[in-house]
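Here is a structure to walk through together. Take a look at the sequence and the model, and then read on.

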Amino acid sequence: MKRISTKVGAKNLSPLHNAGFAAFFPMLIRKLGFLTLEYVRRMGAMGVFFLKTLLYTFIPPLKIYRCLKQIQFIGFQSILLIALTGGFSGMVLGFQGFYSLSRFGSDAFLGPMVGLALIKELGPVIAALMVTGRAGSAIAAEIGIMRISEQIDALELMGLNPYRYLVVPNLIAAMICLPLLTALFDVVGIFGGYLIGGKLLGVGAGTYFGEMAHYVEMKDVLEGIYKSLSFGVIIAWVCCFKGYYSGIYTGFGSEGVSKATTQAVVLSSVLILVWDYFMTSILF
Amino acid sequence: MIKIEDLQKSFDGHDVLKGISFEVGKGEVFALVGGSGGGKSVLLKHVAGLMKPDRGSVTVDGMEIATAGQEALQAFRERLGFLFQGGALFDSLSVFENVAFPLKEKSKLSRNVIREKVLMELENVGLSGSEHRYPSQISGGMVKRAALARALVEDPEIMLFDEPTTGLDPVTGQSILNLIDSCHQRLSFTGIIVTHEIPKVFAIVDRVVMLHEGRVRAEGTPVDFSKSRDPVIQAFLSG
């Protein structure tokens, strides 16, 4: 009896099920198509934003005071953070490097190992991630608030170009500051490594710095500079874009600015790591 | 001077403007009234060139705003002043720096001349003594006054006011309207005031257009509106 009623029920439900599936797949395809188009549109908008920024960077007038202000904000105000993280990164490398190298009786190469790791890889990447967290998020939030409070519209209606006031100074400041901050990170990190390797674990100063000078070449230093320069471009581009379009792509009001800031930090960080891979494989 | 023809705009399939047409003559002050969410501010942003219409056009002295090139749009904006609903003052600059900003950035006037001009403009809007305060340190009415001073400091030919009295108490709202009127007497600009403060605004405007459900419901002088028997207008007039 039970079996019969189940069969009858299944028979009655099947047309509805079929209708549901028939409606589900076109809806899914439509949704996927919409999302794909939306992402392509946003990528296009990011590309246009970047090209416009480059254009206004090379066409005068340049807002020198705004550039100096942003250099002070992105660069000068990040010095302590970069020195601190650089020092501790170098100290960790000193411990880990000594532990690994001493297994093969190669602890004399601690200096080159710390130097190369910092100059080629860790310095540019960690400094860029720190600047993204400290300055990039603030840039996205500031521009985002200016967007939702119509300050950017006010600039436009005054006949002034918002790119020149808000975006170009950040790009120039980031391109100047990132290589300098990376150099600071490297130097403090190298001394941090020496503090552990030399003062605590007994590697001589002559060995540490002498071997480093022998193995670290100019092209390694240049690789770090190229990387930090390109990371500066990524931070300024992504954070300014997210702030500039915060009322359009991330919803309205303070929630929209909050989303834009989060997206700016996440996307910048991911792009820095992805771009780092490509640059390493090209410059290897 | 300003001609709006069959202006249509929709957002996410929702029609906000459904074919708006009217004209504003030179030196005329025009009130654009209607309920909240009726598309008044959207229309004003089309006039300023901040939005592009789906259909129709806005022309100023024969130049179509939506299709104008960068230079033409720039030249048009040199003649334009815009008072935003929230003031849109730069929050990291003081009141003085806000008002001085367009002059510092665009004119070749000396520092002393700019200072004199800004202080005079602040005096005109009743903000003498508040020039060193920041937008977050002053009241809503003072923000509107400072924004008005910034919009007027370059002596614009066209002024657009987006809800200049919204969020203000009746006395402050009335003083802002009086201020707009005295500025118009002084500068003779062509103005469009978006507001739902009727009949208060009738005292300072030459003509009125009422938007209702995305269309022009009525157009005429303040006297025509006061005498109208249209139930929608009557409902608005009686508050």
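Predicted model: local features only at pLDDT ≥ 70, side-chain atom pairs only at ≥ 80, totals over all residues.

Residues are numbered from 1 along each chain as its sequence is written, chains are lettered from A and ligands numbered from 1 in the order in which they are written, and side-chain values use heavy atoms, with hydrogens and water left out.

Let's start where the chains touch. Chain A brings 15 residues to the contact and chain B brings 19 residues, with contact meaning heavy atoms within 4.5 Å. The size of an interface is often given as the accessible area lost when the parts come together. Here the buried area is about 1500 Å², and carbon and sulfur atoms give 59% of that; buried area is the accessible area (1.4 Å probe) that two parts lose on being put together, summed over both. On the chain A side, Glu150(A), Leu157(A) and Met158(A) lose the most area to chain B, together 44% of what that side buries.

What about charges? Side chains of opposite charge can pair when their charged atoms come close. The rule finds three salt bridges across the interface of chain A and chain B, each being a side-chain nitrogen of Lys or Arg within 4 Å of a carboxyl oxygen of Asp or Glu. Arg77(B) and Glu156(A) meet in a salt bridge, at 3.8 Å from N to O. Over all chains, the structure holds 25 salt bridges. Arg77(B) sits in helix 2 (residues 70–78) of chain B and Glu156(A) in helix 5 of chain A, so this pair joins two chains. Helices here are DSSP runs (H or I, at least four residues), as are strands (E, at least two), numbered from the N terminus.

Now for a pair of helices inside chain A. Helix 3 (residues 79–103) of chain A and helix 6 (residues 162–200) of chain A pack at an angle of about 40°, with axes 6 Å apart. Those axes are lines fitted to C-alpha atoms over the stretch in contact, and angles run from 0 to 180 degrees between N-to-C directions.

Finally, the backbone. Most residues other than glycine have a negative phi, and most peptide bonds are trans. A cis peptide bond joins Pro60(A) and Pro61(A), with omega at about 5°, and Pro61(A) lies in the loop between helix 1 (2–58) and helix 2 (64–74) of chain A. Over in chain B, Ala88(B) has a positive phi, near 55°. You'll find Ala88(B) in the loop between strand 6 (80–83) and helix 3 (95–106) of chain B.
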